[in-house]
Amino acid sequence: MNIKIENLTFFYPGNKKPSLKDINLEIKEGEIVSIFGESGSGKSTLLRLLAGLEHKGSGTIDMDGVRVLGPNSFVQPEKRGVGMVFQDYALFPNMNIEKNIAFGLNKMSNDKKKARVKEMLELVNLEVFAKKYPHELSGGQQQRVALARALAPAPGCLLLDEPFSNLDTDLQVRIRGELKEILLKAKVTTIFVTHDRADVRALADRVAVLCEGIMVNLGTVEETIDQ
Amino acid sequence: MKKTKLKLAILASVAIAAILSGCANSGPETSKEVNVYSARHYEVDKQAYIDFEEKTGIKVNIIEGKAPELLERMKREGADTQADLFITADMGNIYQAIDGDMTQELTSKILNENIPEKLRGENNEWIALTKRARVIVYDKEKVNPNSLSTYAALTDNEWKGKLLVRGADSVYNQSLLASFIATEGEEYAKMWAQGIVDNLARDPKGNDRDQVKAIAAGEGLVTLVNTYYLGQMLNSADPEEVKAAQKVGIFFPENTHVNISGMVLSKYSANKANAILLAEYLTSVKVQEAYTAQNYEYPANKNVEPSELLKTWGELKPQDLDLSDLGRNNKKAVELFARAAWK
Amino acid sequence: MLKRKPGFYGIASTIIAILLIFPFGDLILQLFQKPNENWMEIKEFLLRDYIGNTLILVFFTALFSLLIGTTLAWLISAYDFPLRKFFRWALILPLAIPSYILAYTYASMSSYTGVVQVTLRSWLGTGLDQRYFNIMSMPGAIFILSISLMPYIYMILRAFMEGQSASLIESGRMLGKSHLGIFFKVVVPVSRAALVAGTSLVVLEVLSDYGVASYFGIQTFSTAIFRSWFSLGDIDSAIRLAAILMVFVLALLFLEKILRGRRSYSMSNTKHRPLSRKELKGPMAFLATSYAGIILLLGFLIPVGQLIYWAVLTYKDTLGNEAWILGLNTLGIAVISAIIILVFGIIIANYARLKNNLLSKIYSKISLLGYSIPGAVVAITMILFFIHLDRWLAPLYRIILPGAPALVLSMSLVLLVSAYVLRFLAVGFQSIDGGFERIGRKYHDASKMLGHGEASTFFRVDLPMLKPALLSGFSLVCIDIIKELPLALILRPFNFNTLATKVFDYANDERIPEASVHSLLIVLIVAIGILILNKTLDKEKNNEHKN
């Protein structure tokens, strides 16, 4: 999916200072882009705007030529064809792993659904946990389920919100590698938000650095945060 | 969009209303029902309605409630009210309906035959169903009935610290005082209320039955009670209530205060013919006998004798007054109670 | 694609809020008219009494129910003693007896012919002097209301102590404080928010009480409103009294809000362990069991025992087909109203959760309005409103059915159901709002990211997770409606009675023993509801432990 953000500005209700100011960013099909910044830099807001979970911004966002946010248009999140992995995963506690992954597969026949769920479970190496419930899994396993769930409907773009922040340090290293592999296999445009340079180095093709709502830098890893 | 939704909501609620109200309301000419607002909720009354339905095929719809609330409701509903008959105890309540211009003449040959003229309003604005006597009740052990004579005698020094009464907000007491205003004048009524308050053994409290129990408990010697409460106590399922009631005696003073329970016909009655049929039935010998036998009230129908129990209590010698005066003087009575500090 | 359309929840919440606020229009208009003579008299002579009596009743009832409720909650959650498990749920049961039934029962029991006096007479040959021992008095009313409302405080505090305060209490213990010291130094200050929440419930219940005060002849605001409206026919003064009461209640709610606003310092952590209890031995264990036992006896076992005795005496006359019909009526109307309340509550709470703007906050407050107003005032309001509405809709009725009467809605159950919804929406809303708060937004967002629209998200994700909150909201609303008196009394349509109105009819005719069968039916239904509620709450707590 090609994504084009132009002059995006966003205020939270009641705040005088914008959370995002004049963001311009173009992302090509298949790219893995990191949005990097301290907490409060506006990086999560940008992600939520891309997802469609916020809609009060000015400026525009186009996805594959469709205007999803603009002065006279707003596409609901469920219509954007975008997948998202939440910081704390938000796995539905009342559904088992299989059901969680199948949740996004709306207009498929049951056979196709089953096949797709199996495929996803294989992708993340969790076949044996199909019937377990989220609280019975470890943090790393939960994260992989969240990833499988987000990828199952084959979104044009995957959004990841601080994907490793809830994991132990040594687990983080391993999962980064796994994630990179999965993303390459899935060939999906990916945007992820992080405050950890190691994440960026391990995963990103390009980096957008945010500071107090302003994009202060944009380029490859070498061009930006390594300096 | 919003408008259509609102309209839909209204239509839906109308539909639900129609279902909930059982689509009970058809035009007046095909009417096979009669609507009653009743403040009398005795079993005898209910049985009478059931019998009436069986006899005539006319359905009796009832809203029960306390008289003032039902009156207020009728007043608010105005010309749109669905009430046909309003049935209540106490002339004060009946008068309010008449005074509020909510009634019309309730008259028929049978009604006039059943109920003596004194127990009907001027132009049949109201019709009595039963009579209720407010009598002197005394401790059988400690009081010699010969020492009792009139309501007025209770204000004598002899009874200082020995009287028990119910509160001033009791409509029975209000009507009692209203009757004195009508028969003896305001000044007399005022003195009487003051005299009673001066003789009290305790602050007014509780209901009629509580006065009887207080006598049995020895808190006082004499009180004022409506007779049917004693009848109910003597026939109570609770053996202790029976015992308490057996400890007291009934004394009919000269010019005993008699109030009524009765009915009026709503000014806007849509089922007038049926309402009159029901009124006639309620004054018939059969129902009147049930009133006196099962509810211990005095029948209004002149051809029906009081029940055996009532006869054993003695002979009723009622006040001579226009019963409408009880209602007319109600407000004054409330004022006099307040001035006498009758709580 | 439409831009920022208002959405279903916005429109629906607005409609509901308008429906809730509209009936009060008449009331507010009346308030701006010139006061009449009666009002001047009330203001000059009676108002002080009303205020005084109401304040005394509220203050002492709150005090005693607080004392009893807190100590019981502490005893149950911090100590082990014989029968603790039984008392843990049984102490909620006094809530099953409507306070007016408790009042009738105790008044009869302590009267000359009641079991207390009769027993004393047969033992001692003499009874207590009724002049000094009279329950139909202010202290009596305080006793009745305290004992019947105490479970509100007990329930809220017990849940808090068993769940949240364990770590605090344990650290207190590690620091060498005694159990009692921990109670006063740690538990009471930390549970302040829970205490305030429980107490304000009790206060609202006392303010809107009509049954007890009117039976005992105590002039409070609630009885004064009835009296001015019905006895004096002075609706104007009734409205003024109601308005004063409303201002008082709103001030109280505001105060509660301020106190609750600082809750963050009490607790926010979601991981909690159950408190380890200290075992009591010997005389202390005996004392604990006796204390809980006495409260249960006074609040439930004695009155129910008395009701059963009367029921045995009178059931032949009173337990006919009618009793079952009344039971079904009562249950039916409670269930219908509760379902509507839950639907409304879900819409408003969900709107508040998703939007969290000024408008949604105002709507949430409006939904609390009805509960803060005594039933009598809600009744006045609804009659006035529905008669207006009917007159306005009359042409429509005539189109549907020529010759139809003008008053259709106001003569139907719609009136009573609407009044229940207006009055008890707050109860359902609070449960649902709490449920949504626990779930948060993340599952909703996740579902939308997976391609589900608002409706599908609601039914597939939110609703299943909301189930415990819905069940407890449903039982709470049903319990309240089944016990409710003034609304049912004033607004019942033709041929419709509930168990509560039947009880009142008997009591009004001074036939207390005859009221026992219907009273027991109420107690039975409500007790079942309470036990379901208790189960649900326990389950919910266990689930939280698991996560």
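Visitor: Among contacts in chain B between residues at least 6 apart in sequence, what percentage join residues at least 24 apart?

Guide: This is a predicted model, in which local features need pLDDT of at least 70, side-chain atom pairs count only at pLDDT 80 or more, and totals for chains, interfaces and linings use all residues. Residues are numbered from 1 along each chain as its sequence is written, and chains are lettered from A and ligands numbered from 1 in the order in which they are written. Two residues are in contact if their C-beta atoms, placed from the backbone, lie within 7 Å. Of the chain B contacts between residues at least 6 apart, the share joining residues at least 24 apart is 79%.

Visitor: How far apart are the C-alpha centres of domain 1 and domain 2 of chain B?

Guide: The bounds come from an automatic or database domain assignment. For chain B this gives domain 1 (32–131 + 260–305) and domain 2 (132–258 + 316–339). Their C-alpha centres are separated by 27 Å.

Visitor: Which element gives the most to the side of domain 1 of chain B that touches domain 2 of chain B?

Guide: The contact takes 17 residues from domain 1 of chain B and 17 residues from domain 2 of chain B. On the domain 1 side, α4 (91–99), β5 (127–139) and β9 (257–266) of chain B each give two or more residues; helices (H or I, at least four residues) and strands (E, at least two) are DSSP runs, numbered from the N terminus. With six residues, the top contributor is α4(B).

Visitor: How many residues of chain C are in contact with chain B?

Guide: Chain B brings 49 residues to this contact. On the chain C side, the number is 44.
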